[in-house]
Amino acid sequence: MIRRVTAPGLFPPPTYSHATVVEAGARLVFLAGAVPLDEKGEVVGPDDPVRQARQVIANLGEQLRAVGSDLAHVVATDVYVVSGEPSVLSAVWEVVEDSGLSAGPHASTLLGVACLGYTGQLVEITATAVVPDEAAR
């Protein structure tokens, strides 16, 4: 159902694929950005992008479970980090790698941005995933 492709003529990416092909007829879910809010709506780790990334991944997992999917079925993400420092982006990417999202590996873009929607928010991840058939889970 999911085929991940690394283009042979391009430099091989470290932990993501260049493209992901999903068979026609599969159910896809396009998720709103997962943000670092706890169940009370409070920003987790206001000055800690790694802690926020962990919360974002946890929230992304909740979004996926709500539609019958999981991190293993994510085919694409955009990871937004409020920083212009490559070391900060790398630290957040390590959380993404450790989460299981890179096990696919999925297609991903990592971006340093000026700001995000909530005061104190440093990380946000949008995702597209396959919703597997009941028999496939």
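**Fold and core of a predicted chain**

In this protein chain of 137 residues, 39% count as buried, meaning under 20% relative accessible area with a 1.4 Å probe and protein chains only. This is a predicted model, in which local features need pLDDT of at least 70, side-chain atom pairs count only at pLDDT 80 or more, and totals for chains, interfaces and linings use all residues. Residues are numbered from 1 along each chain as its sequence is written, and side-chain values use heavy atoms, with hydrogens and water left out.

Reader: In what order do the elements of the protein chain run from the N terminus on?

Author: Helices (H or I, at least four residues) and strands (E, at least two) are DSSP runs numbered from the N terminus. The chain has 2 helices and 6 strands, and their order is β-β-β-α-β-α-β-β.

Reader: Which residues have the most contacts inside the largest nonpolar core?

Author: A nonpolar core is a set of buried Ala, Val, Leu, Ile, Met, Phe, Trp, Tyr and Cys residues joined through side-chain atoms within 4.5 Å. The largest one has 24 residues, and those with the most contacts inside it are Leu60, Leu64, Val79, Leu101 and Ile125.

Reader: Leaving aside neighbours within four places in sequence, which residues is Leu64 in contact with?

Author: Contact means heavy atoms within 4.5 Å. With those sequence neighbours left aside, the partners of Leu64 are Val29, Leu31, Ser69, Asp70, Leu71, Val74 and Ala129.

Technical notes
Buried means under 20% relative accessible area, exposed over 50%, partly exposed in between (1.4 Å probe, protein chains only).
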